[in-house]
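Reader: I have a new protein model to go through. Can you walk me through it?

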Amino acid sequence: MFRFKNYILVIVVAAMLLTACGNKAPASEKASCAPNCKYTDMTFCYPQLGAESDWRTANTASFKETAGELGIRLIFSDAQQKQENQISAMRSCIQQEVDVIGLPPVVEDGWEAVLTEAKNAGIPVIIVDRSVSASPDLYAAHIGSDMKLEGERAAEEFNKHFPNGAKVLELSGTTGSGAAVGRAEGFRAKLNPNIEIIDSQTGNFTRAEALPVMQAFLQKYKPGVDFQGIFIHNDDMGIGAIEALKAAGVKPGDLFIVSVDGTRGGFQAMVDGWFQADVECNPLLGPQVYEMALKLMNGEPIEREVLTNETVYYPDNAAELLPTRKY
Ligand code: AHR
């Protein structure tokens with residue numbers, strides 16, 4: 001009996017040692033300077049997903065400029081829209097023992113392994129902008145837009161404009177990204193049954209890729225006859241699409257076009273009569289994310305899901321608002 005108890009004890013101790021080895025630092029989310037950490041104590045890692053749009057450029061600027069103003073040491077990288085690049089940038093930040101990581105995930109799936117590595121290293125991760133499908137236990141919080149609501153808002157514009165129904169096209173964002181998935185889902189959830197989405201193709205959130213997609217649509221469908229409107233998942237793709245429409249002889253106002261973002265380019269497209277509404281998606285997330293990162297370093301409570309308060313912009317005051325736009 002005595003021997004059996006000893007045997008159990010050895011197994012328990014061995015299991016505890018094994019767990020400790022696979023989990024080097026305890027997953028504490030407090031820095032050594034807590035509870036008095038200041039921004040100047042912070043090393044923040046931002047493995048940006050790319051530079052695909054004006055929205056993204058503004059998001060990068062928001063993180064860089066705010067870090068400069070607050071005295072934060074920022075480790076920034078550009079993954080060129082490739083998840084594997086974001087994962088290696090995160091691993092390098094984990095090795096450098098940064099205080100907090102902000103991750104704007106290019107796609108929703110496939111983050112479990114690297115998020116677990118960050119958690120085991122005691123480095124909190126704030127998911128920024130788009131969402132991930134990984135378990136919320138693996139990250140500290142998410143700060144970004146409600147992408148589904150954006151899609152719903154776009155659908156409401158079509159419902160108002162086409163009470164008797166219509167056929168529409170969808171120019172979608174990066175396949176598998178939280179932004180494209182959410183917007184597509186919200187759009188379908190709210191669109192009236194008499195409005196039919198006749199085709200949907202991705203333009204990967206870029207002008208360059210949207211242009212040939214729109215050209216291909218125009219080869220297949222006659223504007224005004226086969227379709228009356230287009231839902232476009234961001235302003236950059238909208239601008240690419242306008243080029244194709246112009247080249248095909250379509251005039252501003254011939255089609256009902258709703259885009260997302262509210263960039264200066266989007267506002268200009270409203271002024272020029274191409275977009276009939278632009279659903280806001282705000283990229284200026286730097287100050288909020290850093291504020292939360294500091295709270296995490298100090299071990300203060302945080303909100304786990306922070307959704308940006310956004311609106312819809314219309315052509316009637318676009319010219320007046322354009323000079324005030326920050327991105
Ligand atoms: O995730 C936000 C989206 O990504 C923006 O709508 C788009 O412009 C960007 O590329």
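Author: A term to begin with: contact means heavy atoms within 4.5 Å. This is a predicted model, where local features need pLDDT of at least 70, side-chain atom pairs count only at pLDDT 80 or more, and totals for chains, interfaces and linings use all residues. Residues are numbered from 1 along each chain as its sequence is written, and side-chain values use heavy atoms, with hydrogens and water left out.

Reader: OK. Leaving aside neighbours within four places in sequence, what is Ser 200 in contact with?

Author: Its partners are Glu 170, Ser 172, Arg 188 and Phe 217. The side chains of Ser 200 and Glu 170 also make a polar contact of 2.7 Å. A polar contact is a pair of N or O atoms within 3.5 Å; within protein, one must be able to donate a hydrogen and the other to accept it, and residues adjacent in sequence count only if both atoms are side-chain atoms.

Reader: Where is Ser 200 placed?

Author: Ser 200 is in strand 7, residues 195-202. Helices (H or I, at least four residues) and strands (E, at least two) are DSSP runs, numbered from the N terminus.

Reader: And how does Ser 200 count, by relative accessibility?

Author: Ser 200 counts as partly exposed, at 31%. The scale: buried is under 20% relative accessible area, exposed is over 50%, and partly exposed is in between, with a 1.4 Å probe and protein chains only.

Reader: How far apart are Ser 200 and Glu 320?

Author: In sequence, 120 residues; in space, 33 Å from C-alpha to C-alpha.

Reader: Now His 233. Buried or exposed?

Author: His 233 is buried, at 0% relative accessibility. It sits in the loop between strand 8 and helix 8. The side chain of His 233 reaches the backbone nitrogen of Gly 173 at 3.2 Å. Not counting residues up to four places away in sequence, His 233 touches several residues, including Glu 170, Ser 172, Arg 183 and Phe 205.

Reader: Next, the ligand. Which residues are around it?

Author: They are Glu 52, Ser 53, Trp 55, Arg 56, Asp 129, Arg 130, Met 147, Ala 179, Arg 183, Phe 205, Asn 234 and Asp 261. The test is that a heavy atom of the residue lies within 4 Å of the molecule.

Reader: Which polar side-chain atoms lie by ligand oxygens, and at what distance?

Author: There is one in Ser 53, at 3.0 Å. Arg 56 has a side-chain N or O atom 3.1 Å from a ligand oxygen. For Arg 130, that distance is 2.8 Å.

Reader: How much of the ligand's accessible area does the protein cover?

Author: The protein covers 100% of the 280 Å² that the ligand has on its own. Accessible areas come from the Shrake-Rupley method with a 1.4 Å probe; for residues, only the protein chains shown count as cover.

Reader: Asp 129 was in that list. What is its phi?

Author: Asp 129 has a positive phi of about 70°, although it is not a glycine. Most residues other than glycine have a negative phi, and most peptide bonds are trans. Asp 129 lies in the loop between strand 4 and strand 5 (141-144). It is buried, with a relative accessible area of 3%.

Reader: Which peptide bond is cis?

Author: The bond from Ala 34 to Pro 35 is cis, with omega near 5°. Pro 35 is in the loop between helix 1 (2-21) and strand 1 (43-48).

Reader: Change of topic. How many residues has the largest nonpolar core?

Author: It has 30 residues. Leu 171, Met 214, Phe 227, Ile 230, Leu 245, Ile 257 and Trp 274 have the most contacts inside it. Such a core is a set of buried Ala, Val, Leu, Ile, Met, Phe, Trp, Tyr and Cys residues joined through side-chain atoms within 4.5 Å. The elements that give two or more residues to this core include strand 6 (166-172) and helix 7 (207-220). A second, separate core of 23 residues includes Ala 31, Phe 44, Phe 63 and Ile 143.

Reader: Last one. Which residues of helix 4 are buried?

Author: In helix 4 (112-120), Val 114, Leu 115 and Ala 118 are buried. They cover an arc of only 100° around the axis, so they are on the same side of helix 4. The arc is that of the directions from the helix axis to the C-beta atoms. Helix 3 (83-95), strand 3 (100-103) and strand 4 (125-128) are among what covers them.
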